[in-house]
Amino acid sequence: MKTLNDFNFENKKALIRVDFNVPLNNAFEVTDATRIQAAKPTIIKILEDGGSCILMSHLGRPKGVEDQFSLRHIVDKVTEVLGVKVTFVENCIGDKVAEAVNNLKAGEILLLENLRFYGEEKSGDAAFAEQLSKWGDVYVNDAFGTAHRAHASTAVIANYFENNKCFGSLLAQEIKSIDKVLNNSEKPVTAILGGAKVSSKIGIVENIIEKVDHIIIGGGMTFTFVKALGGTIGNSLVEDDKLQLALEILEKAKRNNTQIHLPVDAVIADAFSNDANTKTVDTNEIPDGWMGLDVGPKTSEKFAEVLAASKTILWNGPLGVFEMDNFSKGTTELGNAIAESTKNGAFSLVGGGDSVAAVKQFGFADKVSYVSTGGGAMLESLEGKVLPGIDAILN
């Protein structure tokens with residue numbers, strides 16, 4: 001696996017695919033600079049070697065050229081985070097870019113305009129990728145968030161760099177962290193799978209069931225399992241067409257000596273609202289007109305015991321509707337248990353949009369081993385899929 005450390009960038013121009021798809025407010029100010037921060041070690045290493053950096057990224061889902069998605073809005077924030085002045089060019093291909101690249105000196109950074117202003121980026125157009133490739137001596141992919149896409153700048157472009165391509169620090173760290181959980185983990189290994197639907201997590205379950213010792217199930221997907229086992233779930237979220245699948249998962253787990261832990265009690269509400277009436281009941285005895293929106297205290301205690309004995313932990317998906325205060329306790333208690341286990345030497349990896357949001361919201365980001373920057377890419381990695389952006393560097 002070629003990384004930054006295999007190259008000396010002195011007098012070289014590094015063409016870096018970063019993931020600066022950051023949230024902006026109505027005044028076009030960056031509201032969360034985590035992804036920019038995550039790319040900083042790669043960029044600084046190249047500058048310190050005596051090289052220069054040409055950064056390319058997408059932002060949002062523009063339909064053609066749309067000013068609201070222009071990367072010029074983030075130039076000041078990127079400059080602030082990196083501590084180095086960033087120059088911006090209003091295109092990613094063409095004469096203007098060629099001139100800006102030619103004028104770039106060692107120690108300088110150039111940010112190209114949004115790649116997705118061109119449809120060719122998403123379609124993986126080879127001619128477009130070739131035009132982009134002209135801007136650098138070495139291609140560095142540091143965008144885990146888009147590694148699962150076979151786009152021009154993430155997969156196709158690598159074809160034009162033969163031996164001059166590598167992973168950036170962030171992407172290398174993502175690959176190592178996922179590999180550590182799936183293939184080189186210290187046992188016991190516990191995977192926490194939350195979120196709304198069994199159908200969205202089935203690929204992960206099938207890939208990890210033989211590799212982990214415990215699977216903790218939470219969130220809305222709980223009730224598909226509970227109903228499949230004959231429980232009463234009231235108006236809770238359920239996938240009726242996945243009841244048989246839930247039973248098959250339980251059976252497969254048994255065959256592999258993998259323990260599946262389902263919530264034993266639930267905080268239920270008479271409406272999907274923070275102001276709803278609530279009570280705590282056994283998970284398999286939810287009355288009609290009520291729905292489970294969080295796990296109860298007995299469940300939190302039970303899950304904490306499993307995590308305290310774990311040496312490797314994967315957390316993908318919240319246990320309840322954590323965005324509402326009254327249904328966030330299960331997720332925060334889980335975060336506390338993971339943080340405690342991490343403090344005692346366990347390796348903990350958090351990934352997937354909602355889990356990462358919860359970790360940030362409740363202040364756990366510094367208390368776990370690694371927080372992944374990729375939502376869809378993380379899911380596909382855990383499903384055992386080969387990601388095009390990674391494959392392009394390896395092969």
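A residue counts as buried when its relative accessible area is under 20%, and as exposed when that figure is over 50%, with partly exposed in between. Keep that cut-off in mind as we walk through this predicted model. Take Phe-322: its relative accessibility is 3%, so Phe-322 counts as buried. Phe-362, at 23%, lands in the partly exposed class.

Those residues bring us to the aromatic pairs, of which the structure holds four. A pair of rings is described by how far apart the centres are and by the angle of the planes. Let's start with Tyr-118 and Phe-128: the ring centres are 5.3 Å apart and the planes sit at 35°, so this pair is tilted. Tyr-118 comes from the loop between strand 4 (109–111) and helix 4, while Phe-128 belongs to helix 5 (residues 126–133), so the pair ties together parts ten residues apart in sequence. Tyr-118 is partly exposed, with a relative accessible area of 23%, whereas Phe-128 is buried at 2%.

Now back to Phe-322 and Phe-362. Here the centres are 6.1 Å apart and the planes meet at 75°, so the pair is edge-to-face. Phe-322 sits in the loop between strand 15 (312–316) and helix 11 (329–343), and Phe-362 in the loop between helix 12 (353–361) and strand 17 (370–371), so this contact ties together parts that are 40 residues apart in sequence.

Finally, have a look at the surface. Arg-61, Lys-63, Lys-122 and Arg-149 gather there in a patch of positive charge. One of them, Lys-122, is in helix 4 (residues 119–123), and the loop between strand 4 and that helix is where you'll find Tyr-118.

How values were computed
Residues numbered from 1 in each chain as written. Predicted model: local features only at pLDDT ≥ 70, side-chain atom pairs only at ≥ 80, totals over all residues. Heavy atoms only, no water. Patch = residues over 30% accessible without salt bridge, like charges linked within 9 Å, V, L, I, M, F, W, Y side chains within 5 Å. Areas by Shrake-Rupley, 256 points an atom, 1.4 Å probe, with all protein chains shown as cover. Salt bridge = Lys/Arg side-chain N within 4 Å of Asp/Glu carboxyl O. Lys, Arg positive; Asp, Glu negative; His and termini not counted. Charge placed at Lys NZ, Arg CZ, Asp CG, Glu CD. Helix = DSSP H or I, 4+ residues; strand = E, 2+ residues; numbered from the N terminus. Phe/Tyr/Trp six-rings, centres within 6.5 Å; stacked < 30°, edge-to-face > 60°. Buried < 20%, exposed > 50% of the residue type's maximum accessible area, 1.4 Å probe, protein only.
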